[in-house]
Amino acid sequence: MRLNLNTQILEYALEISRCGSISRAAQNLFLSQPNLSTNIKALEESLGFRIFTRSSKGIMPTPEGEMFLKSAEIIVSEMANIRRIPELCNPDRSEGLSVVCAYSSYILDLTIQFIQLSEWKFPQNTFKETGLNHMLEDIIAKDYRLGFFYDFECNHHKRQKLAERYFLDLNLLKRNIPVVAMISKNHPLANRQSVSVEELRDYPLVVYEDFAYDDWLGPIGIDRHASVLYIFDRGGMLETLRSSGGVGIATGHAWGPRDIRDAIEIPVTGTRSVLNQYWIKASDCRLGSFERQFIDFLKAEFEK
């Protein structure tokens, strides 16, 4: 089979898959619907199999199409990375910091402190706070240069395997980060100096949606059948804790003074695994002097 493909036609197919509609995809791509349909038909003839089929739910990928789309997404992503090679090989560019982290106002506060101490050396700095999986996706796609996340030591082999697969550098920033219970000041546990994992089982828990059980609650020691409310963002978690009797499970570096005016942190004792703070980047991403100074600044602050 001889294929004559280009990344543009792959992007067309991916957009149809995202939209579930050729007409909507055509609008997003600024193409006419007949033109887009003709391109996809020619692609399918070249491949020798159907990519999409129509159903009551709209345009759906065939089994062969699902496999094709997974490969197409990788190809399109890598072509974008190739176009960014000049930027990646020039670490001392003028954009400043490009940081993505798993929910942590502590990392945000330190990032702001560093930028202020450097007297806003660069006019453009980027910071994003999101879930663990989305953070890793952003680093793999090279949408951000530096990623930060906390993870239990028992999960390290999984992160290392992912790093090797996607050519990432995984680095330890701080070992033995405390796990804390985040609760309202009116909560029955509010006067405690610490709380054990066993005691947490008596209360509904609030955790971030992007952390799978085996990555988070399991290593802590929480039963798989515990009552859990999954929240996607830090603001939503805070509002939930303020208005309910739930207990948020976080880290000692996840929250900042602005967050906990109406709540308190209590250390959790008896966790099954040690929690660490890591930073990650693409292996071919060479750090500039400003970025290296930032990493050194974070290491010093974590040691305090």
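**Labels and the values behind them**

Analyst: On the surface, Ile75, Met79 and Ile82 make up a nonpolar patch whose accessible area together is about 250 Å². The model is a predicted one.

User: Why is Met79 called partly exposed?

Analyst: Buried requires under 20% relative accessible area and exposed requires over 50%. Met79 has 31% relative accessibility, so Met79 counts as partly exposed. Met79 belongs to helix α4, which covers residues 63-83.

User: What makes Val76 buried?

Analyst: The cut-off for buried is under 20%. Val76 has a relative accessible area of 16%, so the label buried applies. Val76 also lies in helix α4.

User: Which residues is Val76 in contact with, leaving aside its neighbours within four places in sequence?

Analyst: Val76 is in contact with Thr7, Leu10, Glu11 and Leu14. Contact here means heavy atoms within 4.5 Å. As for Ile59, Val76 is 17 residues from it in sequence and 21 Å from it in space, C-alpha to C-alpha.

User: Which residues touch the most other members of the largest nonpolar core?

Analyst: They are Phe148, Leu200, Trp216 and Ile249, in a core of 67 residues. Helix α12 (residues 289-303) supplies the largest share of this core, six residues. There is also a second, separate core of 21 residues, with Ala13, Leu14, Ile51 and Ala72 among them. In soluble globular proteins, nonpolar side chains tend to be buried together.

User: How do you know that Asp138 and Lys128 form a salt bridge?

Analyst: The rule asks for a side-chain nitrogen of Lys or Arg within 4 Å of a carboxyl oxygen of Asp or Glu. The closest N and O atoms of Asp138 and Lys128 are 2.9 Å apart, so the pair meets the rule. Asp138 is in helix α7 (residues 132-140) and Lys128 in strand β4 (residues 126-130), so the pair ties together parts 10 residues apart in sequence. Asp138, at 9% relative accessibility, counts as buried, and Lys128, at 26%, counts as partly exposed. By this rule the count is 14 salt bridges.

User: What makes Asp284 and Lys142 a salt bridge?

Analyst: Their closest N and O atoms are 3.9 Å apart, and the limit is within 4 Å. Asp284 lies in the loop between β13 (275-282) and α12, and Lys142 in the loop between α7 and β5 (146-152), so the pair ties together parts that are 142 residues apart in sequence. Asp284 is partly exposed at 44%, whereas Lys142 is buried at 12%.

User: Where do Asp215 and Arg159 lie, and are they buried or exposed?

Analyst: Asp215 is in the loop between β9 (205-208) and α10 (217-220), and Arg159 is in helix α8 (residues 156-165). Both are buried. Their side chains meet in a salt bridge at 3.1 Å, N to O. Salt bridges that share partners join Asp151, Lys158, Arg159 and Asp215 into one network.

User: How many disulfides does a search of the whole structure find?

Analyst: The search finds zero disulfides. For Cys101, the nearest cysteine sulfur is that of Cys285, 17 Å away, while a disulfide needs sulfur atoms within 2.5 Å.

Methods: Residues numbered from 1 in each chain as written. Predicted model: local features only at pLDDT ≥ 70, side-chain atom pairs only at ≥ 80, totals over all residues. Heavy atoms only, no water. Patch = residues over 30% accessible without salt bridge, like charges linked within 9 Å, V, L, I, M, F, W, Y side chains within 5 Å. Areas by Shrake-Rupley, 256 points an atom, 1.4 Å probe, with all protein chains shown as cover. Helix = DSSP H or I, 4+ residues; strand = E, 2+ residues; numbered from the N terminus. Buried < 20%, exposed > 50% of the residue type's maximum accessible area, 1.4 Å probe, protein only. Core = buried A, V, L, I, M, F, W, Y, C linked by side-chain atoms within 4.5 Å.
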